[in-house]
Amino acid sequence: MESLNARKKALVIGNRPPNRRVPHAPLPNKKWATPKDWDEYIQAQVTRLYHTEDRPLREVMDIMASEYGHHATKRMYISRIQAWGLVKNKKEEDMLYIIRKSDQREAMGKKTSFIVHGRPVDYQEAYHYFQRKGKAPSLTGPRPPTPPHIVCRTPSPPPTLRVPEQLFFTINNFYDGSFENKHWVPNGDTCLSIKAGVTLDNQNIIETFGAYCTTALTFLNEKKYADARRILSIACGLIRPVIEAEDHMTLWCMCDTFCLFKGEGYSEIMLLILRYIYGLVSLYFPKNHPWAVIWHSLVSIAHEDMDDAIIKAYKCVADSLARSLGTYYPTAVNCFCDSLDREHGPGRRDAEEAILRKFLAESQKFFGGDHTVQIRILSRIAICARDQGHHEEHEAIALEIIRLIPLRSKPYDLLHGLLHCSTARYNLGKFAGAEEKLLEALEVMKQEWGKQHAWYINYARKYAVWLRGWGREAEAEEFEADTARLIDLEDVGPDIDLDSKGDDREEDAELEDIIS
């Protein structure tokens with residue numbers, strides 16, 4: 001016997017009307033948009049309100065109804081917005097594309113304008129979009145193809161800009177072609193050059209050239225011109241094998257050297273080195289060789305445009321390495337960090353640090369934890385902290401670098417941590433700790449490369465300055481005498497007209513004239 005509740009339930013179900021949707025009739029006195037309205041008028045207004053002004057959809061619907069008398073359901077709006085490519089997450093992709101494309105083309109000396117859905121959009125608008133959202137645009141990762149609703153335009157350059165444009169075009173083609181044709185082959189943390197069937201590892205000689213230039217700059221700033229001249233001659237003796245190798249690090253290293261000298265006010269020395277390199281390239285390469293075109297373009301640039309051209313050339317190299325090796329390949333990471341340094345300079349370390357910290361977080365996410373490339377990124381962040389006077393933060397980052405050292409056996413990485421730690425502690429007044437870490441660093445240099453290496457000479461001089469500041473004159477003189485002997489033992493290279501005939505005093509006077 002069925003229960004009373006069961007009979008009631010069956011009765012209710014039996015009387016329920018069929019489950020079908022009844023369309024809503026338009027409300028009276030409302031004008032509903034026609035297909036012609038959507039195409040000819042509403043699309044432009046919705047694009048402005050929803051996409052350009054970034055208003056919520058409900059607000060857009062209210063404005064269209066109250067101010068323009070056009071009524072439509074939310075479903076209608078959503079379907080049209082999808083068809084027009086105005087979905088909000090697509091807008092973020094568009095703005096990110098504009099920023100990345102602008103940076104890429106600017107590195108080639110090209111200014112680019114963009115038209116999105118028929119409306120001009122510039123770099124500043126794209127950058128402010130991310131500022132309003134409270135997030136930083138990701139500058140790493142694969143480059144997507146140009147969306148169909150975005151048009152990129154580059155105005156024709158005036159004649160004065162055609163040399164730089166040729167320079168950046170040649171750099172990109174030379175680097176991309178060298179990797180595609182297996183002239184440069186990834187190997188561990190760096191790449192090997194394969195020339196005439198012979199595999200070459202040029203990293204050591206190129207880094208040594210850079211170290212001698214940095215040491216020469218130290219002597220120049222101390223007005224020790226005879227020592228600076230001798231160190232520069234040693235460095236120039238390395239230029240020929242560096243140039244002949246056609247290595248992926250050569251242009252990067254040379255641009256770094258030019259930035260160092262020009263940044264410290266020694267433009268004439270930078271130009272002397274540049275002209276010396278061009279002379280060597282002219283001897284060993286035909287005129288149509290990319291290497292000859294690159295150096296001819298550099299030496300032809302007007303002096304007032306040289307800063308911008310070198311920084312953009314640096315960025316071209318960084319972008320090419322990231323394309324060919326991958327964003328997080330150690331060599332690509334090194335060049336990316338250095339290009340940020342040259343682009344921002346000491347006056348904008350806060351902006352540089354923000355980009356580096358985001359890059360560090362992305363690398364940790366990419367590798368799923370600690371990795372060797374983070375040592376290089378942290379080293380650049382440490383320099384940003386140092387230059388902003390954040391010495392406690394500088395020391396903490398240095399200790400983090402030292403913690404990561406077991407991941408890698410290369411002494412160069414240990415030196416990053418030791419030298420940063422010693423500098424941070426010196427600036428904090430922790431002189432005993434600073435001395436301890438600097439002596440450890442000097443010992444690593446001595447064991448790995450010998451006391452005659454430029455790095456050892458440079459930091460031994462730094463230690464002598466510290467000793468003198470602490471009132472330990474006898475020890476300071478001993479270190480200075482030792483470094484002087486080491487410099488005298490080195491084989492000098494070509495002079496590149498940095499001095500003239502005569503005694504040391506006359507030579508010092510001429511060099512002082514050059515660098516003043």
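1. In which helix is the place of Asp39? Asp39 sits in helix α2, residues 35-52; helices (H or I, at least four residues) and strands (E, at least two) are DSSP runs, numbered from the N terminus. The structure is a predicted model, in which local features need pLDDT of at least 70 and side-chain atom pairs count only at pLDDT 80 or more, while totals for chains, interfaces and linings use all residues. Residues are numbered from 1 along each chain as its sequence is written, and side-chain values use heavy atoms, with hydrogens and water left out.

2. Asp39 has a relative accessible area of 54% and is therefore exposed. The cut-offs are under 20% relative accessible area for buried, over 50% for exposed, and in between for partly exposed (1.4 Å probe, protein chains only). Between the C-alpha atoms of Asp39 and Arg80 the distance is 9.7 Å, with 41 residues separating them in sequence.

3. Thr112 belongs to the loop between α5 (88-106) and β1 (113-116). Its relative accessibility is 19%, so Thr112 counts as buried. Thr112 and Cys152 are 40 residues apart along the chain, and their C-alpha atoms are separated by 6.6 Å.

4. Rings of Phe, Tyr and Trp (its six-membered ring) pair if their centres lie within 6.5 Å; planes under 30 degrees apart count as stacked, over 60 as edge-to-face and the rest as tilted. Phe179 and Trp184 form an edge-to-face pair, because their planes stand at 75°, with the ring centres 5.3 Å apart. Both residues of this pair are buried: Phe179 has a relative accessible area of 9%, and Trp184 is at 3% relative accessibility.

5. Tyr328 and Phe359 make a stacked aromatic pair, with 5.7 Å from centre to centre and 15° between the planes. Tyr328 lies in the loop between α14 (306-325) and α15 (330-344) and Phe359 in helix α16 (residues 349-367), so the pair ties together parts that are 31 residues apart in sequence. Tyr328 is buried at a relative accessible area of 13%, and Phe359 is buried at 2%.

6. One aromatic cluster is formed by Phe174, Tyr175, Phe179, Trp184, Phe258, Trp291 and Trp295. Among these residues, Phe258 of α11 and Trp291 and Trp295 of α13 also take part in a helix contact, described next.

7. How do helices α11 and α13 pack, and at what angle? Helix α11 (residues 250-263) and helix α13 (residues 290-300) have axes 13 Å apart at an angle of about 15°. Axes are lines fitted to C-alpha atoms, for helices over the stretch in contact, and angles run from 0 to 180 degrees between N-to-C directions. The angle makes α11 roughly parallel to α13, since angles under 35 degrees count as roughly parallel, over 145 as roughly antiparallel, 65 to 115 as roughly perpendicular and the rest as oblique.

8. The contact (heavy atoms within 4.5 Å) involves Thr250, Leu251, Met254 and Phe258 of α11 and Trp291, Ile294, Trp295 and Leu298 of α13.

9. Two loop lysines have positive phi values. Lys182, in the loop between α7 (162-180) and β4 (184-187), has phi near 65° and is exposed at 56% relative accessibility. Lys223, in the loop between α8 (203-221) and α9 (225-236), has phi near 60° and is exposed, with a relative accessible area of 58%.
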